[in-house]
Structure formats: structure tokens, C-alpha cells
Amino acid sequence: MAWRFALMIDPAAAGDPRTDFAATFSPIDPAAPALSVGELSTQRGDGIFESVGVVDGHAQEVRAHLDRLAHSAAICDLPIPNLEQWREAVALAAEHCGPGENVIKLILSRGVEHGPAPTAWVTAAPAADFSGPRRHGVRVVTLDRGYDSGVPARAPWLLLGAKTLSYAVNMAAIREAKRRGADDAVFVTTDGFVLEAPTASLILRVGDTYVTPAPTGGILHGTTQVSAFAWFEEQGLTTAYRQVATSELPRADAAWLVSSVRLAAPISEIDGIPIPVDSALTARLNGYLLSPRD
Ligand code: PLP
């Protein structure tokens, strides 16, 4: 991996009034060891993160990512991040990105076992090439997430609405999808509702309406999905958050996986059933998602 930049952050308290946090940043060699062996992010996946897309040096939707970082921190009982400090760190990382598509990761870990404070860092690296999926689409399979739609309310300690570092299950689902001859997965509940993909939100077109599963605690509220809905509405199109039954998927008039670095990848097949791909609309949507967004 050709890293562009890495920065350790000494996390400031949420109420710290400083307007310049440069003294809390330590740039490091991204290829050199940087974390303690007692780090709880690596030992237990105990931490949260964000992946911010960067296009030609512009970090996209920074405010929405920072708000979600704070939301994840609250769910996980981590100290509330100082968003001005993180905003400055993202701006510094973006300066090192150069032209093209890159990704800045923000990581806030519970810290070192018995240590004094959380550990925080930011990295910048070239983005993976998603031009193929954006143009040609992806085949997905539905995979049982193993719980019903009441679990987020019944068991908040599962942290389902937080973007935690514990992505082993998400990665296992993508491997299972590939074993089944698909490119990606869509998680569904045991009582027959659609959740999200392991690393993306799902948008469907049902008739004239662009629909996404309501983020009622069981899934992440995707920043890209929010941007896409704003764009659909600007085009005079109708959007809706609601429960989506798994049985609706194969009847969708179009569908997309959307996330910050992939942007919009049209779904060409769900569980082996072809789904119409709207190439023209997808190209326009990705044109918008690649334009500078704050
Ligand atoms: N859902 C999950 C589980 C994700 O991991 C992601 C992104 O990585 C998303 C949804 C989409 O979020 P965003 O559009 O903010 O990247």
C-alpha cells in the first residue's frame, strides 16, 4: 500500500476552546510501527473509525463524517471527540493527498490497556479503483445477519448503529458472497427486512421512489446515501426512508450500493435475479458524488 500520510493525534476534550490544534499532531512514517502492543483497537477491535473520500485534494462531506464519529463515540462510551481538532487533522491529511481519488481514515481507539487516554490517528492513502463496479455494476447475494429487526432496541450493547473497528463479520460476509459467485452481500434480518451491505448502504428504486432502509439503530446512516438523496430531490425525484422487505429486492426497478470511496455501484443481480441497471442515471449520480461536497 502506497501510503500518503499518517498522523497521531493527542485527543483534546470536546470542550477544548483552542482554534489551532497543530501542537496535538505528530506526523509519523506510515510504513513504520506506531502502536503499542497493548492497543485495544488491535487486541479487541475496541474503537471506531470513519473513511472519508478525497477527490483532487477535497475531503468530501467532512462534517457528516465527524458527526457520525461523535455518534459512534457516544454509543461506544468513548470520550466525545473534539470535532474542530479532527477537522484540522483531516484538512492536513487532505493537503498530502494530491490529485485523483484518495481515502482519509479517522480512527479513535479506546487506547492502551491500563493506559491513560484513547489513541487517535489519521491516515491518507490512494483509493481502490472502483471504476469497474461504478460502470458495470455488482452482483449481490442476501445473507442472513442472524437477528431480527427488534434487536437494536432490545440489545443496544451490540453497538449496531456505531461504525466500530470490529469488521471481521463484515469481511467474512464479503468472502461468503464471493464463494457464492457474487461480488458483495446485502444483510437481511431473520424476520425478512433489508439492512445494509457489509461496507455500503443500499438504495432501491421502487416505481418512481428512491428508497433506503430506515437507519433505526440497526445500520449505519450512510453519508453517501444522504448526499445521493439530496441530489435525487434536487432532480425533482422522490425519496423515502422505510422498512424494506427482503421480498421486494428482486422486484426493484434499480438498486445501488453506495459508500464514501466506492460512490454509487449499480446492482446488476440479486440472488441470481437480474436487476435493471440505469447506466445514465448512475453516471450522473457519480458525477455529482465526485464533485466537491461539504
Ligand atoms: N454501512 C456500512 C456497514 C459501512 O461500512 C459503510 C461505509 O463504509 C456504509 C454503510 C456507507 O457509509 P458512507 O456512505 O458514510 O461511507
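Arg 262 is found in the loop that runs between strand 12 and strand 13 (263-270), where helices (H or I, at least four residues) and strands (E, at least two) are DSSP runs numbered from the N terminus. Before I go on, please keep in mind that this is a predicted model, in which local features need pLDDT of at least 70, side-chain atom pairs count only at pLDDT 80 or more, and totals for chains, interfaces and linings use all residues. Residues are numbered from 1 along each chain as its sequence is written, and side-chain values use heavy atoms, with hydrogens and water left out.

Is Arg 262 buried or exposed? Arg 262 counts as buried because its relative accessibility is 9%, given that buried means under 20% relative accessible area, exposed over 50%, and partly exposed in between (1.4 Å probe, protein chains only). The side chain of Arg 262 makes a polar contact, at 2.8 Å, with the side chain of Thr 199. By polar contact I mean a pair of N or O atoms within 3.5 Å; within protein, one must be able to donate a hydrogen and the other to accept it, and residues adjacent in sequence count only if both atoms are side-chain atoms. Leaving aside neighbours within four places in sequence, Arg 262 is in contact (heavy atoms within 4.5 Å) with Phe 130, Arg 134, Asp 184, Thr 199, Ala 200 and Leu 257.

A polar side-chain atom of Tyr 167 lies 2.5 Å from an oxygen atom of the ligand, while an N or O atom in the side chain of Glu 196 is 2.8 Å from a ligand nitrogen atom.

Let me turn to the packing. The largest nonpolar core has 31 residues, of which Ile 9, Trp 86, Ile 104, Leu 106 and Val 122 touch the most other members; such a core is a set of buried Ala, Val, Leu, Ile, Met, Phe, Trp, Tyr and Cys residues joined through side-chain atoms within 4.5 Å. At least two residues of this core come from each of strand 1 (5-9), strand 3 (47-55), helix 2, helix 3 (83-95), strand 5 (101-109) and strand 6 (119-126), and helix 3 gives the largest share, six residues. Apart from this core lies another, of 19 residues, including Ala 197, Leu 249, Leu 257 and Ile 270.

Next, the backbone. Most residues other than glycine have a negative phi. Asp 56, however, has a phi near 50°, a positive value in a residue other than glycine, and Asp 77 has a positive phi of about 55°. Asp 56 lies in the loop between strand 3 and strand 4 (58-59), and Asp 77 in the loop between helix 2 and helix 3. Asp 56 is exposed, with a relative accessible area of 57%, and Asp 77 is exposed as well, at 66%.

Thr 238 lies in strand 11 itself and counts as partly exposed, because its relative accessibility is 44%. With residues up to four places away in sequence not counted, Thr 238 touches Asp 208, Thr 209 and Tyr 210, and its C-alpha atom is separated by 15 Å from that of Ala 255, 17 residues apart along the chain.
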